[in-house]
Amino acid sequence: MYAIVVGGGKVGYYLAKELIEGNHEVLVIEKDASKCERIAQELGDIVLKGDGCEAATMEIAGFGRADMVIAVTGDDEDNLVSCQVAKTKFDVPRMIARINNPKNESIFRKLGIDTVVSATGAILAQIEQELPEHPLMRLLTFRGGGLEIVEVKVPPTASVVGRRVREIMLPQQSLIVLLVDPGGTPRVPTSDTLVMAEDEILAVTRTENEDALRRAFTAPARHEGAPVGDPGYGPTEPGPYDPASS
Amino acid sequence: MKVVIMGCGRVGAMLASMLDHEGHEVTVLDTRPDAFRRLSADFSGKRQVGNGIDQDTLAKIGVGDADAFIAVTQGDNRNVMATQIAKHLFGVPRALCRIYDPIREEIYRGLGLETISPTIVGAQLLKDRLEGKATAGAAESKS
């Protein structure tokens, strides 16, 4: 496979290295002469100095026979234009663009970029996962279907701790796929499986039900002294996963 | 007409002042506040500091209600991206975009943007002047 990487910064450099190790033909396009030199020294003669949005440079780089263009500069607008020109002028079959502003994901998709990678988004998701207030992480979104696979960590204070899967009221079109205990052992749940504190729940849900699902697994048990009407966990909360004081 | 102009350089500032004098509702957007010094002294439109390729910025300055969006920053790619956001995300009826690079200009014209390449226009005007031909644009600035 011939892959052209636009942008020879850190991401471009390590990406090129990986691709070479995978026995692919790789070319990196980079504007900055010193970055070009460093890549050439470490990875060999696989770098072209120039502007990856400029048709003349793209011609020399052989965009016409590229199987894939991966635009990973630090500027979203440059990545967008590289991919759009690659697609429109050179008929490159596959494009991947890095975005820095996570909000650009939808517009990139709308403008026909096949795959959009949001480094910032991934880092944010990872960090949010570590924060107790955001115990839900989106693992995979199925474009078009409105479904996603999410991971929720059950806090020790949650009302679902010690309950069986069948007792937990999930939002519509949601399904628990896997429970992973703190030791890392996964269990495929049956309706009798007990949910324990610190379990990681992998579930399929609809995008709009993500919040309800998160609440289902994280809302604290009220008889534990949490004040009634606590913002977010109050009586307006849907679903009978309320502790029935059993 | 409600017009948003992205980029308050020489062209952006002059265009903004011209439209403002004709009574249009003009908003000028630039990342640097000192760029607004180029606007005419009596400019009565809005000056907004912000980045036009940021959807939140465009939403905040009300691009969704604009009749036209014109991108005239120094960066072709920035202009192209902002214009596409205005057109495809906010549904602005007229989205105009300056692209210096003639090849990129052709590509984005093909993709439905209203584009102008000052490189092509400028070169043609100079050539016509050299050959003694009067063109519509050049006639006005005859000295």
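**Figure 1. Burial and make-up of chain A in the predicted model.** Of the 246 residues of chain A, 31% count as buried. The coordinates come from a predicted model. Chain A holds seven helices and eleven strands. Among contacts in chain A with a separation of 6 or more, 53% are between residues 24 or more positions apart. The chain is divided into domain 1, residues 2–123, and domain 2, residues 132–224. The centres of domain 1 and domain 2 of chain A, taken over C-alpha atoms, are separated by 38 Å.

**Figure 2. The open six-stranded sheet of chain A.** The strands follow the order E3-E2-E1-E4-E5-E6, and their pairing is parallel. Strand E3 (47–49) and strand E6 (115–118) of chain A each have a single partner strand and stand at the edges, so one side of each lacks a neighbour in the sheet. On average, with direction ignored, neighbouring strands of this sheet are turned by 20 degrees against each other. Opposite A:Ile99 stands A:Ser118 in E6(A).

**Figure 3. Helices H2 and H4 of chain A lying across strands.** Helix H2 (residues 33–43) of chain A lies across strand E2 (25–30) and E3 of chain A. Its direction is at about 165 degrees to E3(A). Helix H4 (residues 76–90) of chain A lies across strand E1 (2–6), strand E4 (68–71) and E5 of chain A. For H4(A) the angle to E5(A) is about 170 degrees.

**Figure 4. Helix H7 of chain A and its packing.** Helix H7 of chain A covers residues 210–218. Its buried residues are A:Leu213, A:Ala216, A:Phe217 and A:Thr218. An α-helix has 3.6 residues a turn, so residues three or four places apart point the same way. The buried residues of H7(A) pack against strand E8 (147–153) and strand E11 (200–206) of chain A.

**Figure 5. Strands E1, E2 and E3 of chain B.** Strand E1 (residues 2–6) and strand E2 (residues 25–30) of chain B pair in the parallel sense over five bridges. In this pairing B:Val3 stands opposite B:Val26 in E2(B). Together with helix H1 (residues 10–21) of chain B, E1(B) and E2(B) make a right-handed β-α-β unit. E2(B) also pairs in the parallel sense with strand E3 (residues 46–49) of chain B, over four bridges. There, B:Val28 has B:Arg47 as its bridge partner in E3(B).

**Figure 6. Strand E5 of chain B between two pairings.** Four of the five residues of strand E5 (residues 94–98) of chain B are buried. Strand E4 (residues 68–71) of chain B runs parallel to E5(B) and is joined to E5(B) by four bridges. B:Leu96 in E5(B) is the bridge partner of B:Ile70. The β-α-β crossover from E4(B) through H3(B) to E5(B) is right-handed. E5(B) is also joined by three bridges to strand E6 (residues 114–116) of chain B, again in parallel. B:Leu96 stands opposite B:Glu114 in E6(B). E5(B), H4(B) and E6(B) make a right-handed β-α-β unit.

**Figure 7. The contact of chain A with chain B.** Chain B gives 19 residues to the contact and chain A gives 16 residues. On the chain B side, helix H2 (55–60), helix H3 (76–89) and helix H4 (102–110) of chain B each supply at least two residues. H3(B) gives the most to this side, with eight residues. By class, the side of chain B that touches chain A has eight nonpolar, six polar and five charged residues.

Note on methods
Residues are numbered from 1 along each chain as its sequence is written. Chains are lettered from A and ligands numbered from 1 in the order in which they are written. This is a predicted model: local features need pLDDT of at least 70, side-chain atom pairs count only at pLDDT 80 or more; totals for chains, interfaces and linings use all residues. A residue is buried if 20 or more other C-beta atoms lie within 10 Å of its own, exposed if 12 or fewer, and partly exposed in between; C-beta atoms are placed from the backbone. Two residues are in contact if their C-beta atoms, placed from the backbone, lie within 7 Å. Domain bounds come from an automatic or database domain assignment. Two strands pair if DSSP finds at least two bridges between them. Axes are lines fitted to C-alpha atoms, for helices over the stretch in contact, and angles run from 0 to 180 degrees between N-to-C directions. Ala, Val, Leu, Ile, Met, Phe, Trp, Tyr, Cys and Pro count as nonpolar, Asp, Glu, Lys and Arg as charged, and the others, Gly among them, as polar. A crossover is right-handed if, with the strands pointing away from the viewer, the path from the first strand over the helix to the second runs clockwise.
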